[in-house]
Amino acid sequence: MKKTLITGAAGFLGSHLCDRFIAEGHHVIGMDNLITGDLRNIEHLFHMDRFDFYHHDVSKFVHVPGKMDYILHFASPASPIDYLKIPIETLKVGSLGTLNLLGLARDHKARILVASTSEVYGDPLVHPQNEDYYGNVSPIGPRGVYDEAKRFMESITMAYHRHHGLDTRIVRIFNTYGSRMRLNDGRVVPAFMGQALRGEDLTVFGDGSQTRSFTYIDDQVEGIYRLLMSDYVEPINIGNPDETTILEFAEEIIKLTGTDQKIVFKPLPQDDPLQRQPDITRAKEILGWEPKVHRSEGLKKVYDYFKSLPHDQLWEAHRDFLP
């Protein structure tokens with residue numbers, strides 16, 4: 001039986017990866033310090049013999065006894081609200097945490113996949129973004145704590161690959177949505193869904209002309225799994241090239257939810273990227289991967305998920321946005 005460590009296991013993406021690798025027959029060790037993760041995301045796994053959970057901060061020394069086949073490093077705040085609240089922790093998990101896990105992979109002779117992000121492209125001057133583009137990032141801007149942590153993650157991962165011969169993979173994740181997202185995490189899908197469910201106006205930052213490309217969680221997990229099992233060591237974009245403006249997206253949400261809220265506009269946050277669309281040529285050619293779930297289908301599933309949440313969670317998320 002393959003043994004796989006998944007960091008950030010109680011988070012949105014990490015918890016879905018735990019499900020996938022258990023379904024593939026792996027023994028999964030989930031690790032999370034719960035600073036942004038939620039045990040409710042993985043509580044359905046606690047009764048399983050093939051799942052163990054360690055409450056631990058990977059920015060500190062990491063030790064896992066016994067053999068290890070795969071490591072997936074997904075521990076990190078992933079939304080602007082989170083990484084602006086905890087900037088030092090964000091930098092540490094991308095730097096010290098990655099260093100610790102690369103060392104663990106080397107000790108165990110394990111293959112390691114690290115979760116990078118489309119944010120390494122910053123506010124891009126190339127559109128769509130392919131893996132050869134170096135990005136346009138402000139290292140001292142408020143978002144730099146996340147962007148530069150991920151850029152460092154990629155650099156040290158490739159250094160371990162080249163210098164130590166470590167078996168590494170790098171995935172650049174574009175906007176992903178699905179069940180288990182936190183309503184209060186500040187990303188546009190849960191933000192719009194939460195506002196619609198509470199009968200509030202939808203908040204668009206800037207004039208809404210900035211673009212995003214949304215990938216459903218099942219497609220994202222499939223792409224990550226294929227990359228891990230491939231022989232490819234350079235970064236690969238995993239995202240949906242179906243680009244939309246934020247204003248168009250807000251109108252989609254209003255239509256989906258059957259509500260009649262207004263759209264209100266607020267100033268665009270500093271360094272917020274104006275365009276985001278992946279070039280997935282490499283993923284198609286090397287992994288045979290492309291997204292399958294249309295946005296209309298995925299959003300319906302997510303809306304049904306958010307509607308099923310307890311009333312107190314819906315309004316707890318609202319309180320978290322209040323000054």
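**Gly8 and its surroundings**

Reply: Gly8 touches Gly14, Ser15, Met31, Asp32, Phe74 and Ala75, not counting residues up to four places away in sequence; contact here means heavy atoms within 4.5 Å. The model is predicted, so local features need pLDDT of at least 70 and side-chain atom pairs count only at pLDDT 80 or more, whereas totals for chains, interfaces and linings use all residues. Residues are numbered from 1 along each chain as its sequence is written, and side-chain values use heavy atoms, with hydrogens and water left out.

Gly8 belongs to the loop between β1 (3–7) and α1 (12–23). Helices (H or I, at least four residues) and strands (E, at least two) are DSSP runs, numbered from the N terminus. With a relative accessible area of 9%, Gly8 is buried; the term buried applies under 20% relative accessible area, exposed over 50%, and partly exposed in between, with a 1.4 Å probe and protein chains only. Gly8 and Phe74 are separated by 66 residues in sequence, but their C-alpha atoms are 4.9 Å apart in space.

Asp32, one of the residues touched by Gly8, lies in strand β2 (residues 27–32). Asp32 has a relative accessible area of 7% and is therefore buried. Asp32 and Gln270, by contrast, are 238 residues apart in sequence and 30 Å apart in space, C-alpha to C-alpha.

His73 is placed in strand β4 (residues 70–73) and is buried, at a relative accessible area of 1%. Its contacts outside four places in sequence include Thr7, Val58, Val93, Thr98, Leu113, Val114, Ala115 and Met153. The side chain of His73 also reaches the backbone oxygen of Val93 at 3.4 Å.

Helix α3 (residues 87–108) packs against helix α4 (residues 144–164) at an angle of about 15°, with the axes 8 Å apart. The two helices are therefore roughly parallel. Axes are lines fitted to C-alpha atoms, for helices over the stretch in contact, and angles run from 0 to 180 degrees between N-to-C directions; angles under 35 degrees count as roughly parallel, over 145 as roughly antiparallel, 65 to 115 as roughly perpendicular and the rest as oblique. The crossing of α3 and α4 is right-handed, that is, the near helix is turned clockwise from the far one by less than a right angle. By class, it has 11 nonpolar, 7 polar and 1 charged residues; Ala, Val, Leu, Ile, Met, Phe, Trp, Tyr, Cys and Pro count as nonpolar, Asp, Glu, Lys and Arg as charged, and the others, Gly among them, as polar.

Several backbone features follow. Lys109, in the loop between α3 and β5, has a positive phi of about 55° although it is not a glycine, and counts as exposed at 74% relative accessibility. Arg180, which lies in the loop between β7 (176–177) and α5 (188–197), has a positive phi near 80° but is buried, at 17%. His127 and Pro128 are joined by a cis peptide bond, with omega about -10°; Pro128 is in the loop between β5 (111–117) and α4.

Finally, Asn237 belongs to strand β11 (residues 236–238) and is buried, with a relative accessible area of 0%. Its side chain makes a polar contact with the side chain of Tyr121 (2.8 Å), and a polar atom of the Asn237 side chain lies 3.1 Å from the backbone oxygen of Asp279. Apart from neighbours within four places in sequence, the residues in contact with Asn237 include Gln129, Glu131, Arg172, Phe174 and Ile280.

Terms used: Polar contact = N/O pair within 3.5 Å; in protein donor to acceptor, adjacent residues only side chain to side chain.
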